[in-house]
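Me: I'd like to learn how to read a structure like this one. Could you walk me through it?

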Protein chains: 2
Amino acid sequence: MALRAGDHSRVAMNGLKEKVLTLDTMNPCVRRVEYAVRGPIVLRALELEQELRQGVKKPFTEVVRANIGDAQAMGQKPITFLRQVLALCVHPDLLNSPDFPEDARRRAERILQACGGHSLGAYSVSSGIQLIREDAARYIERRDGGIPADPNNIFLSTGASDAIVTVLKLLVAGEGPTRTGVLIPIPQYPLYSAALAELDAVQVDYYLDEERAWALDVAELRRALCQARGHCCPRALCIINPGNPTGQVQARECIEAVIRFAFEERLFLMADEVYQDNVYAEGSRFHSFKKVLMEMGPPYATQQELASFHSVSKGYMGECGFRGGYVEVVNMDPAVQQQMQKLMSVRLCPPVPGQALLHTVVSPPTPSDPSFAQFQAERQAVLAELAAKAKLTEQVFNEAPGIRCNPVQGAMYAFPRVQLPPRAVQHAQELGLAPDMFFCMRLLEETGICVVPGSGFGQREGTYHFRMTILPPMEKLRPLLETLSQFHAKFTREYS
Amino acid sequence: MALRAGDHSRVAMNGLKEKVLTLDTMNPCVRRVEYAVRGPIVLRALELEQELRQGVKKPFTEVVRANIGDAQAMGQKPITFLRQVLALCVHPDLLNSPDFPEDARRRAERILQACGGHSLGAYSVSSGIQLIREDAARYIERRDGGIPADPNNIFLSTGASDAIVTVLKLLVAGEGPTRTGVLIPIPQYPLYSAALAELDAVQVDYYLDEERAWALDVAELRRALCQARGHCCPRALCIINPGNPTGQVQARECIEAVIRFAFEERLFLMADEVYQDNVYAEGSRFHSFKKVLMEMGPPYATQQELASFHSVSKGYMGECGFRGGYVEVVNMDPAVQQQMQKLMSVRLCPPVPGQALLHTVVSPPTPSDPSFAQFQAERQAVLAELAAKAKLTEQVFNEAPGIRCNPVQGAMYAFPRVQLPPRAVQHAQELGLAPDMFFCMRLLEETGICVVPGSGFGQREGTYHFRMTILPPMEKLRPLLETLSQFHAKFTREYS
């Protein structure tokens with residue numbers, strides 16, 4: 001029961017007043033938020049690391065945090081050019097140092113020229129530095145075969161998460177049966193469920209088809225939409241492509257069908273495309289929603305509202321800590337776009353070092369630049385290794401009885417399905433745990449491997465999964481996959 | 001009127017469907033948000049800059065953006081040690097370079113050691129890097145004469161704004177007359193009004209006393225609280241000390257009285273202390289709410305809930321672009337604190353470069369370090385110049401008839417009161433503008449000086465003010481103040 005403030009009689013027996021802010025009186029929407037990627041299993045992993053440091057004996061010597069797509073934490077080296085430019089921007093005294101290639105110096109000067117007071121320490125305009133938005137527009141145009149992009153439709157952000165939440169915020173309205181509903185895939189990246197809970201909007205689930213490599217089916221979108229109407233007012237459709245946690249890469253025809261559906265049903269499209277550089281499977285190719293939309297021509301190209309998100313955290317860069325990203329909006333009502341600008345201005349600006357880093361990504365060295373060869377080699381090496389790891393992961397899991405893993409066509413995760421024996425399921429339920437949480441917790445305690453239970457992303461009732469990044473270095477990944485498979489076999493025997 | 005999604009009949013005469021997201025259908029709370037510091041006057045300043053670049057003739061040659069506390073944009077040089085450490089963290093190849101002092105290298109190694117994968121590019125834990133939170137706790141202890149600080153109560157953030165909004169988010173609950181009310185000063189920094197509008201909480205205004213140098217009076221707090229009860233449920237009290245935009249520094253007795261009031265009335269205290277290093281006036285001293293609270297002893301020290309905010313954007317650092325900051329919570333319900341941790345984890349982590357920069361601030365060079373002398377000299381120079389500018393600003397304004405300026409005891413702004421002739425007020429109203437907006441807009445158009453009208457911060461009915469930073473370099477500040485005073489005289493003549 002909520003307390004009335006100023007209720008002086010509310011003094012407990014021990015003479016303590018009750019706190020103003022308690023679980024009972026706090027924001028109930030915040031209480032409902034769940035975020036499995038950093039949930040209880042990760043907190044336990046942190047504790048185990050501490051115990052190891054304190055010399056507590058464990059059946060393993062190291063905790064492997066395969067719970068999150070954090071490339072550099074897993075040992076991936078930063079791309080040299082990116083960090084050279086950034087160091088020069090941070091400490092311009094280095095601009096005269098011969099230790100830096102000439103194009104890195106030129107680039108840093110260009111970025112600083114575009115900063116207030118020629119310093120990363122000044123605020124930028126709220127939508128991000130003009131130069132960087134312009135070059136992001138050129139980058140999108142190159143990606144999309146020349147389809148124009150307008151820098152005024154690009155807003156830089158604090159990672160992609162920030163921009164996704166901002167757009168969701170704009171969309172939330174209504175109460176009861178007119179409350180905004182947002183269609184999200186199941187399994188999903190839990191930022192979406194968390195943000196919708198916080199904003200008190202209605203999460204409308206559509207299921208990806210595990211039997212068809214996590215394909216998106218418009219009939220299923222329609223089912224979800226029809227069931228939601230009446231309870232809420234569905235106004236937006238989120239797509240994650242390449243998929244997180246599911247790793248599928250959408251075919252072009254599928255994207256067209258989704259756009260047609262969104263247009264007919266009047267849904268604002270949100271395309272989470274942060275893994276656009278992470279496509280590995282033969283025959284798979286990334287198609288941006290923007291490009292497909294534009295190539296479909298009117299009325300889609302001229303009317304369908306779309307927001308597409310990108311980030312410096314993934315791709316070949318893996319610069320998660322810098323929190324750089326952007327959103328491009330297409331066909332957005334100009335008055336709403338102004339409101340979005342205003343909303344962003346309250347938080348002043350995205351981190352300027354992340355903006356500078358983004359500039360090196362949207363405007364990488366070209367063949368005539370001194371840094372080109374090294375940049376290209378480093379980039380290719382990261383992407384080639386990721387492709388090999390994607391293949392290896394799928395392969396090792398599919399050799400294990402009771403584990404089935406769809407191809408990791410893109411992104412950075414496998415989301416294999418695990419069979420859990422009925423006795424294990426029952427035991428978990430007695431403990432008040434989701435069965436896959438029980439499995440993952442046992443895995444962590446016995447092997448030091450930290451993965452996230454499928455229940456944190458959503459899955460069809462009665463199926464169990466986990467999400468694991470493919471990011472550990474090759475020499476660690478193979479034993480990790482084998483340990484995991486063996487643990488599953490042992491777990492299965494134990495509960496059979 | 002809100003549209004029903006899927007309402008296919010909603011096709012306008014021109015064959016265009018109405019947009020899904022329009023001013024009518026968007027989040028009404030976001031529409032209500034206002035943020036004057038980056039409002040219409042700043043947009044016009046940007047346009048004027050562009051016109052100047054295009055060679056359009058103006059009565060001035062430069063736009064001076066005195067609207068925002070952005071030290072480096074105004075030419076303040078970054079502190080060398082901070083940037084050296086950061087450059088080393090960004091590009092560890094430099095760790096072997098003899099161009100960097102030994103303590104900067106040691107420091108960078110220490111920070112990198114605490115980062116995932118020893119890289120700024122990895123995510124940190126959501127509450128921020130453990131090492132940095134520990135050293136922030138030591139920093140707070142030194143500031144507060146040894147009163148203990150617990151790193152587990154410190155959460156790093158994306159600037160102070162992020163942490164302020166997070167705490168407000170926790171506090172928001174209820175509907176109608178039980179809706180959370182939050183007491184904020186008038187004049188206020190408009191982050192507060194903007195966040196409360198966005199969160200659909202009730203803004204409860206208490207007025208600072210301009211006649212007594214913007215002092216905070218508990219009788220006025222009580223008036224505001226009593227009037228608010230019945231309409232809403234007041235649950236938090238925000239204090240900005242040193243004041244923004246008002247520049248006052250609170251006396252210790254005043255802080256004690258505020259704490260007693262908050263305790264009696266069961267209000268969660270939010271102390272915005274981002275200007276704690278910016279105290280200039282003789283006789284003024286910064287007292288942290290935490291220190292005063294602890295020195296008051298039980299029941300205050302053991303029960304009163306408090307959140308105190310700090311940032312790397314202000315002080316002597318002025319590193320706004322890095323978006324670094326933290327909040328320390330005191331006496332917060334541990335279960336709520338866990339919820340706060342969870343909420344922060346959805347956004348993954350604060351920008352790691354900003355965290356690293358914060359480390360150099362909370363753990364500056366000590367006398368035995370090679371960088372100490374230079375660090376100390378640069379720090380003192382910035383603060384001494386700010387003190388001189390604070391004095392000059394007050395002095396020049398108070399020499400101008402019709403302008404009255406309270407002492408700028410601290411922070412980075414003057415908030416002078418201007419008399420506007422009744423005919424100017426009337427003319428502004430005919431244009432649909434707040435009279436001080438009209439004055440500031442005319443000032444901008446005729447002199448290139450960009451300041452923010454008092455109406456953007458709140459002021460007593462019938463009074464007019466503007467906020468101006470004292471940050472322009474000395475050689476620009478004096479002519480700027482004189483131009484501004486002369487413009488006011490001319491404006492007064494014109495409308496008399």
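Reply: Happy to, and let's begin where the chains meet. This is a predicted model, and in it 102 residues of chain B are in contact with 102 residues of chain A.

Me: How much area is buried between chain B and chain A?

Reply: The size of an interface is often given as the accessible area lost when the parts come together. Here chain B and chain A bury about 8700 Å² between them, and carbon and sulfur atoms give 58% of that area. On the chain B side, Leu21(B), Tyr123(B) and Arg266(B) lose the most area to chain A, together 10% of what that side buries.

Me: Now a single chain. What radius of gyration does chain A have?

Reply: The idea is to compare the value with that of a compact globule. For 496 residues the globule value would be near 23 Å, and chain A agrees with 24 Å. Along the principal axes, its C-alpha atoms fill a box of roughly 65 × 60 × 55 Å.

Me: What share of the residues of chain A counts as buried?

Reply: A residue is called buried when its relative accessible area is under 20%. In chain A, 64% of the 496 residues count as buried. The accessible surface of this chain comes to about 17900 Å², with 51% belonging to carbon and sulfur atoms.

Me: And how many helices and strands are in chain A?

Reply: Chain A has 17 helices and 14 strands. Among its contacts with a separation of 6 or more, 71% come from residues 24 or more positions apart.

Me: Last one: how many positive and negative side chains does chain A have?

Reply: Chain A has 52 positive and 55 negative ones, and the centres of the two sets lie 3 Å apart.

Conventions: Residues numbered from 1 in each chain as written. Chains lettered and ligands numbered in written order. Predicted model: local features only at pLDDT ≥ 70, side-chain atom pairs only at ≥ 80, totals over all residues. Heavy atoms only, no water. Helix = DSSP H or I, 4+ residues; strand = E, 2+ residues; numbered from the N terminus. Rg over C-alpha atoms; globule rule 2.2 N^0.38 Å. Buried < 20%, exposed > 50% of the residue type's maximum accessible area, 1.4 Å probe, protein only. Contact = heavy atoms within 4.5 Å. Areas by Shrake-Rupley, 256 points an atom, 1.4 Å probe, with all protein chains shown as cover. Lys, Arg positive; Asp, Glu negative; His and termini not counted. Charge placed at Lys NZ, Arg CZ, Asp CG, Glu CD. Buried area = accessible area lost by both parts, 1.4 Å probe.
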